Amino acid sequence: MRLGEVLDVIERLLTESGHPEIAAVTRYGTDVVAGGPSPSGVRVRYTSGAEAYLWGAVWPGENILPTPDVLPWPARADRIAVFTARLLDAARPATLNEWHVVALDGLGPSGARGKAPRGLRIVAADGTSVLLRATAAGAPMPEPALDPYPEWTV
């Protein structure tokens, strides 16, 4: 399965999720494989103006994490990785065999480098595997201190 096909699945799930804080979901980049000069990914714009991205990456060192029971807040990169894993758990797309929230070596808050959920390892039904790295850009205004939608479920 190609990177673009994995991103198609992710884009559809995020768009159809109905989460009240998601204002828009769009694709970007032109790379057909991870690691090129124009990374392909999915951008989520939130009602606060913050953005989160899942994009095809090559990263040395990843650690599989259990999917947290609670969506991380306010770290948007962590949140998009966990949220997407939960959507995949609920939808169980036939084209994908497994997915794991991963921590990436050297990334995460100080004191927790390599321990924060900063991506997803996805294994397709055909056996191919892709790493989607999670990154984020802050909102123009400060985010609320607490998750504004703690009761929302997939």
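## A salt bridge between Arg 45 and Glu 51

At 41% relative accessibility, Arg 45 is classed as partly exposed. The structure is a predicted model, and the values given in this report are computed from it. The side chain of Arg 45 meets that of Glu 51 in a salt bridge, with 2.2 Å from N to O. Glu 51 has a relative accessibility of 9% and counts as buried, because buried means under 20%.

Side chains of opposite charge can pair when their charged atoms come close. In this model the count comes to 10 salt bridges, and the pair of Glu 51 and Arg 45 is one of them.

## Salt bridges across the chain

A salt bridge also forms between Arg 118 and Asp 78, whose closest N and O atoms are 2.3 Å apart. This pair links distant parts of the chain, 40 residues apart: Asp 78 belongs to helix H2, whereas Arg 118 lies in the loop between strand E5 (96-104) and strand E6 (119-124). Arg 118 has a relative accessible area of 17%, so this residue is buried. Asp 78 is likewise buried, with a relative accessible area of 8%.

Helix H2 also holds Arg 79, which is paired with Asp 147 in the segment after strand E7 (129-137).

## The cavity

Rolling a probe the size of a water molecule over the atoms shows where empty space is left. One cavity of 30 Å³ or more is counted in the model. The largest cavity has a volume of about 50 Å³.

Which residues line the largest cavity? The lining consists of His 19, Glu 21, Ile 22, Tyr 46, Leu 71, Arg 79, Ile 80 and Phe 83. Of these residues, five are nonpolar, one is polar and two are charged. Helix H2, which spans residues 76-91, gives the most to this lining, with three residues.

## Where the two topics meet

Terms used. Residues are numbered from 1 along each chain as its sequence is written. This is a predicted model: local features need pLDDT of at least 70, side-chain atom pairs count only at pLDDT 80 or more; totals for chains, interfaces and linings use all residues. Side-chain values use heavy atoms; hydrogens and water are left out. On a 1 Å grid over the protein atoms alone, a cavity is a set of points where a 1.4 Å probe fits but cannot get out, and a pocket is an open set with protein on both sides within 12 Å along at least five of seven lines; lining residues have an atom within 4 Å of a point. Grid points are joined across faces, edges and corners, and a volume is the space filled by probe spheres set on the points. Helices (H or I, at least four residues) and strands (E, at least two) are DSSP runs, numbered from the N terminus. Ala, Val, Leu, Ile, Met, Phe, Trp, Tyr, Cys and Pro count as nonpolar, Asp, Glu, Lys and Arg as charged, and the others, Gly among them, as polar. A salt bridge is a side-chain nitrogen of Lys or Arg within 4 Å of a carboxyl oxygen of Asp or Glu. Buried means under 20% relative accessible area, exposed over 50%, partly exposed in between (1.4 Å probe, protein chains only).
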